[in-house]
Amino acid sequence: MRPFLLALALIWPVTAFATGAEIAPCHDAVPCPLDERSYHVKEPDGWDGISPLPVLLHFHGWMRQGTLIVKHGRISGATRTRGVLLLAPNGTGRTWDFWTRHTDDVDFAAAVIEDAARRYPIDRNRIFVSGYSYGSAMAWRYVCENGDDVAALLAVSGTLDQFTNCPQAPQEVRHVHGTRDTVMAFPFGPGGDTTFPVRLWRDRLGCAGPGEDMGDWSVTQHDTFTRTTWSDCEAGQVTLDVHGRGHFIPRGWIARQLDDLLGLPPSEP
């Protein structure tokens, strides 16, 4: 094998698992083409090239692209060290159409997972969907329309209307939001109810009661979260983390959720 081709194979060791057909390589900043659109992929550190990979499908924020996600310390920094394959689709016009169920972005994101499955041996039982800001609202829309096979929604600072009709739902929902968020405003409920941001999923999964106050917790000294959990649901579980700051991805939050979901010991981001 010529030196250049050998180097290319070492950089992009991806083959077509399903068909054996040759697939154009893509990795990190090099996008994976998908019809007229594209997405980015980041493999976990030290992957052996064989073991099935859990997947985090993450929707970027407004005016961003997947190139940011695959190098973002609070996103890819979490997936790389936890054996998770990161998929970062690119929104048309650098944004997402999540406002109604009549959106092409749900089908596109589903196609991203299927295309990645041609390149990697993904673990279908551990598909996680996340997003930040507009991307969080898009993640909500995706699991609302196509979430039956999603193990968990990990949403940061963005929701849908809490009375949206969702035909599908993930097995578990984890949402974090700041009460001082002025970009995707914290959706306070009647009387200032701070558990309202996940009312849609509590209703959809059949969660009874006000939820269990799990107290305060933190990953770093920068943020403290007040956690409420609904674990007595008819189907699945809902967790809400509330902090007192604004619109951002809290350091270590995605990492800690992956630790929990993957059965890993809690670790630093």
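Me: Two residues are in contact when heavy atoms of theirs lie within 4.5 Å. What share of the contacts in the protein with a separation of 6 or more comes from residues 24 or more positions apart?

Reply: Such residues supply 65% of those contacts. The model is predicted, so local features need pLDDT of at least 70 and side-chain atom pairs pLDDT 80 or more, while totals for chains, interfaces and linings use all residues. Residues are numbered from 1 along each chain as its sequence is written, and side-chain values use heavy atoms, without hydrogens or water.

Me: What makes the protein as compact as a globular protein of its length?

Reply: The protein has seven helices and ten strands; these are DSSP runs (helices H or I, at least four residues; strands E, at least two), numbered from the N terminus. Its radius of gyration is 18 Å, close to the 18 Å that the globule rule gives for 269 residues, and therefore it is as compact as a globular protein of that length. The radius is taken over C-alpha atoms, and the rule is 2.2 Å times the number of residues to the power 0.38. Along the principal axes, the C-alpha atoms fill a box of roughly 70 × 40 × 35 Å.

Me: How much of the protein is buried?

Reply: Buried means under 20% relative accessible area, exposed means over 50%, and partly exposed lies in between (1.4 Å probe, protein chains only). Of the 269 residues, 55% are buried. The protein exposes about 12,300 Å², of which carbon and sulfur atoms supply 51%; accessible areas come from the Shrake-Rupley method with a 1.4 Å probe.

Me: In what order do the ten strands of the sheet stand?

Reply: The order is S1-S2-S4-S3-S5-S6-S7-S10-S9-S8, in an open sheet with mixed pairing. Strand S1 (32-34) and strand S8 (212-217) are at the edges with a single partner strand each, so one side of each has no neighbour in the sheet. On average, neighbouring strands are turned by 20° against each other, direction ignored.

Me: How do you know that strands S9 and S10 are joined?

Reply: Two strands pair if DSSP finds at least two bridges between them. Strand S9 (residues 225-230) and strand S10 (residues 237-243) have five bridges and run antiparallel, so they meet the rule of at least two. Within this pair, Thr229 stands opposite Thr239 in S10.

Me: What makes S7 and S10 a pair?

Reply: Seven bridges link S7 and S10 in the parallel sense, and the rule asks for at least two. Gly178 has His243 in S10 as its bridge partner. S7 also pairs with S6, in the parallel sense, over four bridges; there Val156 stands opposite Val176 in S7.

Me: Why is S7 called mostly covered?

Reply: Seven of its seven residues are buried, that is, under 20% relative accessible area. Glu172, Arg174, Val176 and Gly178 are buried on one side, and Val173, His175 and His177 on the other.

Me: Which strands does helix H5 touch?

Reply: Helix H5 (residues 134-146) packs on the sheet and touches strand S3 (53-59), strand S5 (122-132), strand S6 (152-156) and strand S7 (172-178). Its direction makes about 140° with that of S5. The axes are lines fitted to C-alpha atoms, for helices over the stretch in contact, and angles run from 0 to 180 degrees between N-to-C directions.

Me: Why does Ser136 count as buried?

Reply: Ser136 lies in helix H5. Its relative accessibility is 0%, so Ser136 counts as buried. Leaving aside neighbours within four places in sequence, its contacts are Gly131, Ala155, Val156, Ser157, Gly158 and His175.

Me: How far is the backbone oxygen of Gly158 from a polar atom of the side chain of Ser136?

Reply: The distance is 2.6 Å. A polar contact is a pair of N or O atoms within 3.5 Å; within protein, one must be able to donate a hydrogen and the other to accept it, and residues adjacent in sequence count only if both atoms are side-chain atoms. The 2.6 Å of this pair falls within the 3.5 Å limit.

Me: Why does Gly49 count as partly exposed?

Reply: Gly49 is in the loop between strand S2 (37-42) and S3. Its relative accessibility is 32%, so Gly49 counts as partly exposed, as that class runs between 20% and 50%.
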